[in-house]
Amino acid sequence: MRVFAYAIRALAHRHPGYLELVFSRPAVTKDAVRAIDAIFGALLDAGVPPSEVARVERLTSTAIIGFAMSEVNGRFAAARQPPSVRAEWASAGELPAHHRLRPHLDKKVDWDAEFEADLTDLAAMIESIAQRSVR
């Protein structure tokens with residue numbers, strides 16, 4: 001899964017518009033089906049129950065592709081205002097979580113570290129799903 005994730009992220013950096021095109025169409029080409037089959041195999045090898053594989057593939061692929069798209073095209077863009085600035089219009093009563101998190105929201109993000117942490121969390125989730133089937 002990590003190989004797939006890093007390949008998707010590298011592709012997004014090389015061709016920023018490509019993932020939007022891929023995300024907007026069904027995965028029906030031979031190459032797309034082969035890629036999904038490899039992910040299915042990795043999930044099966046990790047112990048994910050067959051009945052859960054397709055769902056977990058959709059969840060993990062969407063998270064990975066969404067991160068890569070957000071990093072190069074969207075919501076993670078450096079030109080955007082930090083969250084605390086975007087929320088200045090509201091009081092603590094209107095946006096209580098933003099105000100509680102203010103000291104943390106504007107910290108510079110290391111996208112490489114965040115991507116790695118996200119992959120670690122996804123792996124832990126997959127392991128948890130696999131463990132549920134053993135019990």
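This short talk describes the overall build and the nonpolar cores of one protein.

Good morning. The structure is a predicted model, in which local features need pLDDT of at least 70 and side-chain atom pairs count only at pLDDT 80 or more, while totals for chains, interfaces and linings use all residues. Residues are numbered from 1 along each chain as its sequence is written, and side-chain values use heavy atoms, with hydrogens and water left out.

I begin with the fold. The protein has seven helices and zero strands; helices are DSSP runs of H or I with at least four residues, strands are runs of E with at least two, and both are numbered from the N terminus.

Next, the dimensions. The radius of gyration, taken over C-alpha atoms, is 18 Å, whereas a compact globule of 135 residues would have one near 14 Å; that rule is 2.2 Å times the number of residues to the power 0.38. The C-alpha atoms fill a box of roughly 50 × 40 × 25 Å along the principal axes.

What share of the 135 residues is buried? The figure is 24%, where buried means under 20% relative accessible area with a 1.4 Å probe, protein chains only.

I turn now to the interior. A nonpolar core is a set of buried Ala, Val, Leu, Ile, Met, Phe, Trp, Tyr and Cys residues joined through side-chain atoms within 4.5 Å. The largest has 14 residues, and Ile-8, Leu-19, Ile-64, Phe-115 and Leu-119 touch the most other members. Helices H1 (2-14), H4 (50-73) and H7 (111-134) each supply at least two of its residues, with the largest share, five residues, coming from H4. Apart from this core lies another, of seven residues, including Val-53 and Ile-126. Thank you.

Conventions:
Buried < 20%, exposed > 50% of the residue type's maximum accessible area, 1.4 Å probe, protein only.
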